[in-house]
Structures are given as C-alpha cells and as structure tokens.
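Q: Please take one part of this entry and look at it closely. How is it put together, and which residues are involved?

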Amino acid sequence: MSDHLVVVNFKTYQTAHGASAEDLARAMESIETDARMIAAVSAFDLSAVVAAAPNLEVWCQHLDPVGFGSNTGWLHPSTAIERGASGTLINHAEHKVSLEHVAMLLEQVPEDFEVCACAADVEEARALAALEPGFVAVEPPELIGGDVSVTSADPEIVSGTAQAVKDVSGSVGILCGAGVKTGADVAKANDLGASGVLLASGVTKSDDPVASLKDLVSLL
Ligand code: G3P
C-alpha cells in the first residue's frame, strides 16, 4: 500500500447514502490500487458500509468528544470505533467546530485512530497542525463542489499549507480538496506537497463512479 490517500467524502449525497453508500463502498473496494482508498460515510451508514466492504478503510464525517452518558444526539467516538470506523474527518467546512473540540477529540481517541482535521486556509491549517492530528486537509470553501480543482485554481494554498504544516510538525500528513476529480488533479496535489486528496462530487456525482475512481488513482 502506498502512502497516497484518496478519501471520498460521501456527505449526504443521494448517490452515497443508504444502500447506495454500500454500493459505492463496494465499488471503491474493487479498485486495484496501491493507494489508500477511504470512504468517509454518514454515521447512520457506518455499520452497513463496513459490512458491505470489509476490506475498505471507513471513516466518519464528524465525531464529538463526548463520553458515555447523557449526550443526546452526539456522535460518540467509542461507538464509531465499535462499529468499524478507523478514522474521522473533523472541522469540515460544512461542519465547523472549535479548535478545542478538535483537541479534545484527539485526546480521546486511540493512537491508531486517524483524525483528518479540515482547514479553510493556511492559517487554520497551521493552527490545526499544532494539535498533531494524523492529517490536515486544506479545502477552500468557495471551491468545494465546483468544477475547478484546488490544485489548478489555487495551487499556492496547497503548497503553502504543505510548507506550513511541515514547519509545525513532521508527523502530520497533508491532504487537499475541493473540485478534485481526475488522476491529473491527484498527481498535481502530490507535486504540490500533499500526500493525498479529499473529494466528494467527482465520485458521488459521476455517471460512472468506478471509471472516476480508476482515473483518480491512475497516475499514482
Ligand atoms: O470533503 C471533500 C469536499 O468538501 C470536496 O468536495 O465536491 O469539491 O470534491 P468536492
């Protein structure tokens, strides 16, 4: 397995929820690649996706740093782990939290549980990197869901984040996302200093998700 990550965020796309989430996870699992293919799924779909694609790495889209007890509606890390999650996104542009939330979550989860903290810009990436999550993913909010990859629209934010994160900690991996759709975008991300990508619509809105997934890893 290479250390390149391709994280597909299922969000709440209709094509990536419920039974469709299971189908998409199976499609991801079927791709022959050395890259680390990861599905970030709804908490509701976690167990079913893990059962449908047992060899696929499956993450949550969000977790709350709560313990057992009186926490109605919050997403408890231990339950996610028991249901097969091996990591989570946190502070996604569509689900922002405080730095303290991220810090508390990192304190709570086991060492081998991957946490990918999302950042809107270089400054936020630097602040999050100081907390030493496994990964920081930079995603300019205005490019999310668009047709132009961050690697073309704003390559400096990727290289700037890579440099800023490395300056803060040598152990934090760097991802980038927003508009990423092709193998060329993934290759460019690597050239700019990222070790992987975080994407959604390039797969969830594709007419042929398998072909899109194959293309994404084609140049790794
Ligand atoms: O988490 C990935 C996401 O925010 C990027 O979305 O649709 O631009 O690939 P998209």
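A: The model is predicted, so local features need pLDDT of at least 70, side-chain atom pairs count only at pLDDT 80 or more, and totals for chains, interfaces and linings use all residues. Residues are numbered from 1 along each chain as its sequence is written, and side-chain values use heavy atoms, without hydrogens or water.

Take α5 (residues 122-129) and α7 (residues 155-168), where helices are DSSP runs of H or I with at least four residues. Their axes come within 9 Å and cross at roughly 25° (lines fitted to C-alpha atoms over the stretch in contact, with angles from 0 to 180 degrees between N-to-C directions). Therefore α5 is roughly parallel to α7 (under 35 degrees). The crossing of α5 over α7 is right-handed (near helix turned clockwise from the far one by less than a right angle).

Now the residues. From α5 come V122, A125, R126 and A129. They meet I157, G160, T161, A164, V165 and V168 of α7 (heavy atoms within 4.5 Å). By class, this contact between α5 and α7 has seven nonpolar residues, two polar and one charged. Gly counts as polar here, Ala, Val and Ile as nonpolar, and Arg as charged.

Definitions and conventions: Helix = DSSP H or I, 4+ residues; strand = E, 2+ residues; numbered from the N terminus. Parallel < 35°, antiparallel > 145°, perpendicular 65-115°, else oblique.
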